Amino acid sequence: MKKRIPLRLLSGACIGLTISVAVTLAVSAAIGGGNYYPVPPQLVADCGTELRAMLLQTVCSLLYGAAFAGASLVWEIERWSLLRQTVTHLLICSAATLPIAYALYWMPHSLGGILRYFGIFFAIYLLIWAIVYGRMKRRVRQFNEKIKKPPMSRPFEATGGDHPHTPN
């Protein structure tokens, strides 16, 4: 598992950046009136220029993706219970989310904004977890059903000499 960590982090960073750009495009399409808004105006004000704000958002998106990808390694620790894996994964993802979301103005800088953001975050997390859990449970059930079935009869297997290709 340790050998896969750097590759997992790198691929996660790339995915994080891709998602970040896709989100900025979607937000711009929804509210931009034909203009592209790569970063929130408050972030530009904090950073001094749009370029600095975009560089900060790019670095944070790379880190965010790497954190989520690294957290996915928790699911490969077979000696842990599902509850322990889930809580650990959720804590890692939450710890990565708060500072980045706050710094990049993905949420209002107020207690209400933070609570709303995390309410949405947890709802999405729970939805994705439930979908993945349901799929895995169905796959396990299908696998178990498959191994419980008796072997299929073979159509050309000789059965006491009454098969047309069996010599008398």
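Which helices are included in what covers the buried residues of H5? The views below take this up along with a few other spots. This is a predicted model, in which local features need pLDDT of at least 70 and side-chain atom pairs count only at pLDDT 80 or more, while totals for chains, interfaces and linings use all residues. Residues are numbered from 1 along each chain as its sequence is written, and side-chain values use heavy atoms, with hydrogens and water left out.

**View 1. Helix H5 and its cover.** What covers the buried residues of H5 includes H3 and H4. Helices here are DSSP runs (H or I, at least four residues), numbered from the N terminus. The buried residues of H5 are Gly 113, Tyr 117, Phe 118, Phe 121 and Tyr 125; buried means under 20% relative accessible area, exposed over 50%, and partly exposed in between (1.4 Å probe, protein chains only). H5 has 38 residues, and its end C-alpha atoms lie 54 Å apart, in agreement with the 56 Å it should span at 1.5 Å a residue. That expected span is 1.5 Å times one less than the number of residues.

**View 2. The largest pocket.** About 1,400 Å³ of space lies in this pocket. On a 1 Å grid over the protein atoms alone, a pocket is an open set of points where a 1.4 Å probe fits, with protein on both sides within 12 Å along at least five of seven lines; lining residues have an atom within 4 Å of a point. Grid points are joined across faces, edges and corners, and the volume is the space filled by probe spheres set on the points. Look for Ile 19, Tyr 64, Phe 68, Tyr 117 and Phe 121, which lie nearest the centre among the 44 lining residues. Helices H1, H2, H3, H4 and H5 each supply at least two residues of the lining, and H5 gives the most, with 13. The lining divides into 30 nonpolar, eleven polar and three charged residues. Here Ala, Val, Leu, Ile, Met, Phe, Trp, Tyr, Cys and Pro count as nonpolar, Asp, Glu, Lys and Arg as charged, and the others, Gly among them, as polar.

**View 3. Helix H1 along its length.** The 27 residues of H1 reach 38 Å from first C-alpha to last, close to the 39 Å expected at 1.5 Å a residue. Gly 12, Ala 13, Gly 16, Ser 20, Thr 24 and Ser 28 are buried in H1, and their cover includes H3. Just after H1, Gly 33 takes a positive phi of about 55°.

**View 4. Thr 24 and Val 27.** Both Thr 24 and Val 27 are found in helix H1. Thr 24 counts as buried because its relative accessibility is 7%. Not counting residues up to four places away in sequence, Thr 24 touches Tyr 36, Tyr 37, Pro 38 and Gln 57 (contact means heavy atoms within 4.5 Å). Val 27 is partly exposed, with a relative accessible area of 39%. The C-alpha atoms of Val 27 and Tyr 37 are separated by 7.7 Å, and these residues are ten apart along the chain.

**View 5. Cysteines without a partner.** The structure holds zero disulfides, a disulfide being a pair of cysteine sulfur atoms within 2.5 Å. For Cys 60, the nearest cysteine sulfur, that of Cys 47, is 9.0 Å away. Cys 60 is buried at 10% relative accessible area, whereas Cys 14 is partly exposed at 43%.

**View 6. Tyr 105 in its loop.** Tyr 105 lies in the loop between H4 and H5. Although Tyr 105 is not a glycine, it has a positive phi of about 60°.
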